[in-house]
Amino acid sequence: TANVALTGTVKAKLAETKGVPYDTINVSTVNGVVTLSGTAKNAAQKKMAAATAFSTPGVNKVIDKIKIG
């Protein structure tokens with residue numbers, strides 16, 4: 001489905017982005033709305049992950065539920 005494809009694209013972009021802990025961030029997508037969850041080491045990583053997800057074509061909104069810790 002489109003949701004699965006977009007989730008895969010976002011995960012790939014996170015993995016390619018230096019400084020983003022892609023292995024501790026979960027991605028789910030519903031109708032172009034991406035929800036990020038999991039953990040980041042600091043606020044900069046959290047912000048970078050959300051910005052990377054939002055810059056992905058097809059993403060209309062990002063819900064950032066990433067915790068710092």
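Which exposed residues does the face of helix 2 turned away from its buried side carry? They are Ala44 and Lys47. Exposed means over 50% relative accessible area, buried under 20%, partly exposed in between (1.4 Å probe, protein chains only).

This is a predicted model: local features need pLDDT of at least 70, side-chain atom pairs count only at pLDDT 80 or more, and totals for chains, interfaces and linings use all residues. Residues are numbered from 1 along each chain as its sequence is written, and side-chain values use heavy atoms, with hydrogens and water left out.

**Helix 2**

Helices (H or I, at least four residues) and strands (E, at least two) are DSSP runs, numbered from the N terminus. Helix 2 covers residues 43-54. At 1.5 Å a residue, its twelve residues should span 16 Å, and the end C-alpha atoms are 17 Å apart, which agrees. The expected span is 1.5 Å times one less than the number of residues.

Gln45, Ala49, Ala50, Thr52 and Ala53 are the buried residues of helix 2. They cover an arc of only 160 degrees around the axis, which puts them on the same side of helix 2. The arc is that of the directions from the helix axis to the C-beta atoms. The cover over these buried residues includes helix 1 (2-16), strand 1 (25-30), strand 2 (33-40) and strand 3 (61-68).

Thr52 counts as buried because its relative accessibility is 8%.

| From | To | Distance |
|---|---|---|
| Asn42 side-chain oxygen | Ala44 backbone nitrogen | within 3.1 Å |
| Thr52 side chain | Met48 backbone oxygen | 2.8 Å |

Contact means heavy atoms within 4.5 Å. Leaving aside neighbours within four places in sequence, Thr52 touches Lys13, Leu14 and Thr17. On the same terms, Ala49 is in contact with Leu14, Val20, Ile25, Leu36 and Ile66.

**Strands and core**

Strands 1 and 2 pair in the antiparallel sense over six bridges; pairing needs at least two DSSP bridges. Ser28 has Thr35 as its bridge partner in strand 2. The two strands form a hairpin with two residues between them. Asn31, in the turn, has a positive phi of about 50 degrees.

Along strand 1, Ile25, Val27 and Thr29 point to one face and are buried.

The largest nonpolar core has 14 residues. Such a core is a set of buried Ala, Val, Leu, Ile, Met, Phe, Trp, Tyr and Cys residues joined through side-chain atoms within 4.5 Å. Val10, Leu14, Ile25, Val34, Leu36 and Ala49 have the most contacts inside it. Helix 1, strand 1, strand 2 and helix 2 each supply at least two residues of this core.

Definitions and conventions
A polar contact is a pair of N or O atoms within 3.5 Å; within protein, one must be able to donate a hydrogen and the other to accept it, and residues adjacent in sequence count only if both atoms are side-chain atoms.
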